[in-house]
Amino acid sequence: MYSHRDKKKADFQDNKGGLVHTHSNLKYPFRLNFYERPPLEDITIEEFETCALDRLRVLAEIEASYARNRTFKELFDVINTVCKKFLPLHANTATAQPTQEERRKDHIGHFVLRLAFCRSEELRRRFTKAETTLFRVRFAADDKQENSEFLTMRDFDWVLATSEEVQDLNLEAGTYYKVRWTRVPDLVEKRKVVLKGGMAYVPSSEQLHLVLQEFQTRLEKDLEMTAKALPRLDEDTRLVPILDNLSKGFLAGVSSEWSNASGAAGDALTADMVDEMAFKHFPACMRNLHMCLRRDKHLKHFGRLQYGLFLKILGLSIEEALVFWRKSFSKIQDDKFNKEYRYNIRHSYGLEGKRANYAAKSCQQILMADQPGPGDSHGCPYRHFSGDNLQSALLTMYGEQGLTSGDMPEIMATVKAGHYHVACTRVFEITHARQNVKKGEGVGDGESVTHPNQYAARSLELEKKLAKEEGKDGDGDVVMR
């Protein structure tokens, strides 16, 4: 008997006895990586965070895909699309692409996220599952020759079964690997292997299972070792805030920053347009704030901040914002409004104080920061409402847009599992079925909602597209031809 590695190397030798490809001149010879060695180079704080965030966008979408019970084919398509945007990783055959730079970013991002997700058993479990799935997606997308070369250069402790063993066990002709049966309990349960003497004979068709199991086992051990070493980083005030923020990424995905008016509404958004916009295009968090504002003629500070920044990025100018909030606070006099509220509105637009350009709050920020108390209206309804109140609120908000009580069990099951942004995404799909949005499409290319402005911008985009197809302009008027 001889090892898997020896057999593969023999297969890869050319007629002169040398290896066909050695890749000795490349730091990252393969697209696939078992991440056994950390990057040993100087990395800027900006690169440290950017590499991790882009990778986290991919892992968060993998977790969202599991929450949505996508098949592997559906998950494969969605994750490949997301990877092309945030974490491209081309095969060796793509000679025109900067493969070494791509793989370096992939390498750095993985190890940064190890630091963020090693802190608890739950975080380690979720990180390992997402990373193993990403490896599987890449393995399935890679060409067979590169996969074979990658496996050849690794020292797996698999043993190839001899032809005599294959015959003695009456197995079909082919290649089989011998491993301890305890390493492949899933395959044993599914009766996909033959057992003898405590060894499982795994057919080559199940080789990927062995590779994934090896990847997962090594990553689990490495994460535990990282957790033991992590306290040494607590003294570095530059890294700890970044790692704390990254570790929350699975809660609501990772959003791009929305700090400038999106212009999604086409023409500038005016105060008089907000009512109709809220009814047709707002996610539940902003719809709830709008309804509370109309009912109470007032919002508390965090509610005004959450809603005001959302409207600012949606395209509401400072002049129109002052008109909107003055009309909305109809119970108070002008003097009180100018004294207590006007400054804060201008401040949120960067016109007072330090004149900062404040970005609208993402789903993650809404879920994690400034938890609502009695009398507050801000926050995320999917997380902060009771189950009965949430169902009632959603049917009130979206009943006329196609949401029914029959949709509630699926949505509430997702909420109870803690996947709040996935529940919001499903509501988006249901309420935009008229615009031909199908289940699983999310807000485009299968992506989940990660920001309220992303939800609203996509809703407006779909409305315009439908109006164009039906021969109407953006305001719903028939276009004369």
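The structure is a predicted model, in which local features need pLDDT of at least 70 and side-chain atom pairs count only at pLDDT 80 or more, while totals for chains, interfaces and linings use all residues. Residues are numbered from 1 along each chain as its sequence is written, and side-chain values use heavy atoms, with hydrogens and water left out. Helices (H or I, at least four residues) and strands (E, at least two) are DSSP runs, numbered from the N terminus.

- Helix H21 spans residues 408–416, and its buried residues are Met408, Ile411, Met412, Thr414 and Val415; buried means under 20% relative accessible area, exposed over 50% and partly exposed in between (1.4 Å probe, protein chains only).
- An α-helix has 3.6 residues a turn, so residues three or four places apart point the same way.
- Pro409 and Lys416 are exposed on the other side of H21.
- The cover over the buried residues of H21 includes helix H19 (381–384), helix H20 (387–398) and helix H22 (420–431).

**The four-stranded sheet**

- Four strands form an open sheet in the order E1-E2-E4-E3, with antiparallel pairing; two strands pair if DSSP finds at least two bridges between them.
- Strand E1 (159–160) and E3 are the edge strands, each pairing on one side only.
- E3 and strand E4 (residues 199–203) run antiparallel and are joined by three bridges.
- Val194 has Tyr201 in E4 as its bridge partner.

**The loop between H8 and E3**

- Arg191 lies between helix H8 (185–189) and strand E3 (194–196).
- The phi of Arg191 is near 55 degrees, a positive value in a residue other than glycine.
- Arg191 is exposed, with a relative accessible area of 77%.

**The loop between H22 and H23**

- Asn436 is located in the loop between H22 and helix H23 (452–469), and its phi is near 70 degrees, a positive value in a residue other than glycine.
- Glu447 is also placed in the loop between H22 and H23, and Glu447 is buried, with a relative accessible area of 15%.
- Not counting residues up to four places away in sequence, Glu447 touches Glu61, Val82, Lys85, Thr425, Glu441, Gly442 and Gln454, where contact means heavy atoms within 4.5 Å.
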